[in-house]
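The report below describes a single chain, with attention to its salt bridging, its sheet and its nonpolar core.

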Amino acid sequence: MPKKATTTKKIKITLVKSPIGNTERHKQTIRALGLHRIGQTIEQPDTPAIRGMISKVNHLVTVEAQDAK
């Protein structure tokens, strides 16, 4: 059977504040999202796991929804 062409929504995540001074868990979450430097923006799929990670470090990042292409 041919697979369906699925379009996954993406979200843009930008690190706006340094994780220094936060808990080690917050620092690890920032790294797991793929962020390294302040001002860096990455695209991740909009999944419940990613949303949960963002909710734990929402004071350090900004999030923008992006249309699926």
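## Salt bridge, sheet and core

Across the whole structure, a search finds 1 salt bridge, a term that requires a side-chain nitrogen of Lys or Arg within 4 Å of a carboxyl oxygen of Asp or Glu. The model is a predicted one, in which local features need pLDDT of at least 70 and side-chain atom pairs count only at pLDDT 80 or more, while totals for chains, interfaces and linings use all residues. Residues are numbered from 1 along each chain as its sequence is written, and side-chain values use heavy atoms, with hydrogens and water left out.

The salt bridge links Arg 51 with Asp 46, and their closest N and O atoms are 2.7 Å apart. Arg 51 is partly exposed, at a relative accessible area of 39%, and Asp 46 is likewise partly exposed, at 33%; on this scale buried means under 20% relative accessible area, exposed over 50%, and partly exposed in between (1.4 Å probe, protein chains only).

The sheet is open and is formed by 3 strands in the order E2-E1-E3, with antiparallel pairing. E2 and E3 stand at its edges with a single partner strand each, so one side of each is left without a neighbour in the sheet. From one strand to the next, the twist averages 25°. Strands (E, at least two residues) and helices (H or I, at least four) are DSSP runs numbered from the N terminus, and two strands pair if DSSP finds at least two bridges between them.

| Strand pair | Bridges | Partner of Lys 10 |
|---|---|---|
| E1 (residues 10-15) and E2 (residues 41-45) | 5 bridges | Pro 45 |

Helix H2 lies across E1, E2 and E3 and runs at about 25° to E1, where axes are lines fitted to C-alpha atoms, for helices over the stretch in contact, and angles run from 0 to 180 degrees between N-to-C directions.

The largest nonpolar core has 12 residues, among them Ile 13, Leu 33, Ile 42, Ile 54 and Val 61; such a core is a set of buried Ala, Val, Leu, Ile, Met, Phe, Trp, Tyr and Cys residues joined through side-chain atoms within 4.5 Å. Two or more residues of this core come from each of E1, helix H1 (24-33) and helix H2 (48-56), and E1 gives the largest share, 3 residues. Leaving aside neighbours within four places in sequence, Ile 13 is in contact (heavy atoms within 4.5 Å) with residues including Leu 35, Gln 40, Thr 41, Gln 44, Ile 50 and Thr 62.
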